[in-house]
Amino acid sequence: MQQHVQAPHAGSPVAAGQEPRDLRRWEASAYLKKRFNISMAPATLAKLASLGGGPPFYRNARAPLYPVDLLDEWALARRGNVVRSTSEAA
């Protein structure tokens, strides 16, 4: 009897008891939105991959893959410091 292993759905790349996996661009976009509330379209990630400034990735053949731990680091570095008023933001 063959067992079917269901992959984690987009935006939830780590299933219980599994190691983080590398995400395709559309999955990275959904992950950033769900985990950090960063709206970053796959097309924007593609543009940043070309111009620089986006999250680090590597290529597997033609497909760019984003390691989850590096996405987390990039997102945390992207957000600013915690402030208590708008006058502190300057």
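What is the mean pLDDT of the chain, and what share of its residues reach 70 or more? In this predicted model the mean is 83, and 76% of the residues reach 70 or more, where pLDDT is the predictor's confidence in each residue, from 0 to 100. Local features need pLDDT of at least 70 and side-chain atom pairs count only at pLDDT 80 or more, whereas totals for chains, interfaces and linings use all residues. Residues are numbered from 1 along each chain as its sequence is written, and side-chain values use heavy atoms, with hydrogens and water left out.

**Confidence**
- Confidence in the chain is lowest in β2, at a mean of 91, and highest in α1, at 97; helices (H or I, at least four residues) and strands (E, at least two) are DSSP runs, numbered from the N terminus.
- Over residues 1-11 pLDDT stays under 50, and the model has ten contacts beyond four places in sequence for this stretch, contact meaning heavy atoms within 4.5 Å.

**Helix packing**
- Helix α1 (residues 25-36) packs with helix α2 (residues 42-51) at an angle of about 110°, their axes being 8 Å apart; axes are lines fitted to C-alpha atoms, for helices over the stretch in contact, and angles run from 0 to 180 degrees between N-to-C directions.
- α1 and α2 are therefore roughly perpendicular to each other (angles under 35 degrees count as roughly parallel, over 145 as roughly antiparallel, 65 to 115 as roughly perpendicular and the rest as oblique).
- In this contact, α1 contributes Arg-25, Trp-26, Ala-28, Ser-29 and Leu-32, while α2 contributes Pro-42, Leu-45, Ala-46 and Ala-49.
- α1 and α3 pack at an angle of about 55°, with axes 11 Å apart, and are therefore oblique to each other.
- The α1 side of that contact is made by Ala-28, Tyr-31, Leu-32, Arg-35 and Phe-36, and the α3 side by Val-68, Leu-71, Asp-72, Trp-74, Ala-75 and Leu-76.

**Sheet**
- Three strands form an open sheet in the order β1-β3-β2, with antiparallel pairing; two strands pair if DSSP finds at least two bridges between them.
- β1 (22-23) and β2 (58-60) stand at the edges with a single partner strand each, so one side of each is left without a neighbour in the sheet.
- β2 is joined by three bridges to the antiparallel strand β3 (residues 63-67), where Leu-65 is the bridge partner of Tyr-58.
- Helix α3 (residues 68-78) lies across β1 and β3 and runs at about 70° to β3.
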